[in-house]
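Let's get going. Please have the sequence and the model up on your screens. I'll take it piece by piece.

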Amino acid sequence: MNELTGVLREMINEELDQLILSNSRDQDRGTKVKVRPVLIKGELLFQETLYKGTQVFHENFGVEEMISRLEEYLQDLFKQGEIKGRKEEVTVLVSKKGKMTIKRRKNAGAGADKSGKVPCADKNAEILGNKLETQEDFRANLQHNRTKQYILMEEKPVDFLVGLGVQTPDGKVTKNRYDKFRQINRYLEFIEDVLEELPGDRTIRIIDFGCGKSYLTFAMYYYLHELQGRDIQVTGLDLKMDVINHCNQLAEKLHYDNLHFEHGDISSYEGADAVDMVVTLHACDTATDYALEKAVKWGASVIMAVPCCQHEVNKQIKNEVLQPVLKYGIIKERMSALITDALRANLLEQQGYDTQILEFIDMEHTPKNILIRAVKRRGMQPRRKAAGGKGDIKEVTEFLHIAPTLEGLL
């Protein structure tokens, strides 16, 4: 049994917290793999999540099959593995020539928790052979594991969350801010997935267009700088002067020295020559298009946009074939919004980005919870279709009689 097999046999059990394989040799076969333990009808399994381009695949495996797959992944596809257990963390590094280095470190307080509980997918499941005696026990266990998976933990005070009123000074989430707390954590998970795409050898330049009250701007700064130790420079831009003043005061109070806020309009912003990551959350109507255009112009490595109030296409869309559908206002409005975002994603792909449209947890109980996440392809030219070709964007816009702003800008 070689060293890798021995490590996997020790770590792939009910005490595994999470395993991540990254730094792929072949992006087409997979960019990342995550593994976590699950209990389904009393059986301990391991859920593999494979990220491939814009697709995500889930599959469950038994321990032996999971170990075999992980060995194959590390020998053939991925050059880095991070394995986090309750008692120990392991890093696996594979060189270009295939030499494998394994580093192990004990967790602080290892061995304190002997319960061995893992996420449970069936209310009648057993935990390590011990039946959950009551529904209350089951719910408590499930809640325990859900809480554990948050990047920002409940009951652990975080300075910016306290400053923004999301947490009380003792770390409890304010009752009417729990949706925001969940949204912030979800947002950080989206950033965590693309962390490797951001520069690791210099200052990361980030702009947040239409930052508003900046809950997520502060969260992004805290996660990247305080938790990940990255050298970053973050600028928030918004039209509301009172909001800008408040955010600058809070950033100064928290000693977030590389986070500042400016008053300005997205379409006319000229305050940067190069940006690594562009964020735009709930920028109204075509303001999102101007933010995306600037991100492409700068060659940003990562773009994250949650569009809002897509009025443009709703005013333009006209089609005799679809008239029986479009005659209903609410249907027309929702179709227009979805078409707008789908075209934005396609336009970004034409400019050399791998683009996903993901479901985002909304902040203000609004259905506008689609997130466009784009990552610039490395060493590849933009993929442009010939005009009039099958599946061309122009064919769609002509069919619907629409002229999206982003298409004109790009």
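Asn314 counts as partly exposed, because its relative accessibility is 21%. The cut-offs: buried is under 20% relative accessible area, exposed is over 50%, and partly exposed is in between, with a 1.4 Å probe and protein chains only. Asn314 sits in helix H9, residues 312-316. Helices here are DSSP runs of H or I with at least four residues, strands are runs of E with at least two, and both are numbered from the N terminus.

Which residues does Asn314 touch, leaving aside neighbours within four places in sequence? Lys332, Glu333 and Ser336. Contact means heavy atoms within 4.5 Å. Asn314 and Glu333 are 19 residues apart along the chain, and their C-alpha atoms are separated by 5.8 Å.

A word on provenance. This is a predicted model, so local features need pLDDT of at least 70 and side-chain atom pairs count only at pLDDT 80 or more, while totals for chains, interfaces and linings use all residues. Residues are numbered from 1 along each chain as its sequence is written, and side-chain values use heavy atoms, with hydrogens and water left out.

Now the overall picture. The protein has 13 helices and 16 strands. Of its 410 residues, 45% are buried. Take the contacts between residues at least 6 apart in sequence: 64% of them join residues at least 24 apart.

Next, helix H11. Its 22 residues should span 32 Å at 1.5 Å a residue, and the end C-alpha atoms are 31 Å apart, which agrees. The expected span is 1.5 Å times one less than the number of residues. Buried residues of H11 include Ser336, Thr340, Asp341, Leu343 and Arg344. After H11 comes Gly352, with a positive phi near 100 degrees.

How many cavities of 30 Å³ or more does the structure hold? One. The definition: on a 1 Å grid over the protein atoms alone, a cavity is a set of points where a 1.4 Å probe fits but cannot get out, and lining residues have an atom within 4 Å of a point. Grid points are joined across faces, edges and corners, and the volume is the space filled by probe spheres set on the points.

The largest cavity holds about 40 Å³. Its lining is Asp289, Glu312, Thr340, Leu343, Arg344, Pro404, Thr405 and Leu406. The largest share, three residues, comes from H11. By class, the lining has three nonpolar, two polar and three charged residues. For the classes, Ala, Val, Leu, Ile, Met, Phe, Trp, Tyr, Cys and Pro are nonpolar, Asp, Glu, Lys and Arg are charged, and the others, Gly among them, are polar.

Arg344 links to another residue, Thr288. Thr288 is in helix H8, residues 287-298. Thr288 counts as buried because its relative accessibility is 0%. Leaving aside neighbours within four places, Thr288 contacts Thr280, Ala283, Ala305, Pro307, Cys308 and Arg344.

On to the cores. In soluble globular proteins, nonpolar side chains tend to be buried together. A nonpolar core here is a set of buried Ala, Val, Leu, Ile, Met, Phe, Trp, Tyr and Cys residues joined through side-chain atoms within 4.5 Å. The largest one has 50 residues, and Phe160, Tyr187, Ile191, Phe218, Met220, Tyr256 and Met277 touch the most other members. Helix H6, residues 215-227, gives the most to this core: nine residues. A second, separate core has 31 residues, including Ala283, Leu326, Ile372 and Leu406.

Look at Met220. Beyond four places in sequence, its contacts include Tyr187, Leu188, Ile191 and Met277.

Tyr187, Leu188 and Ile191 are among the buried residues of helix H5.

Ser214 has phi near 70 degrees, and His255 has phi near 60 degrees. Buried or exposed, for Ser214? Buried, because its relative accessibility is 2%. Ser214 is in the loop between strand S10 (204-209) and H6. His255 is exposed, at 59%, in the loop between helix H7 (241-253) and strand S12 (259-263).

Methods:
On a 1 Å grid over the protein atoms alone, a cavity is a set of points where a 1.4 Å probe fits but cannot get out, and a pocket is an open set with protein on both sides within 12 Å along at least five of seven lines; lining residues have an atom within 4 Å of a point.
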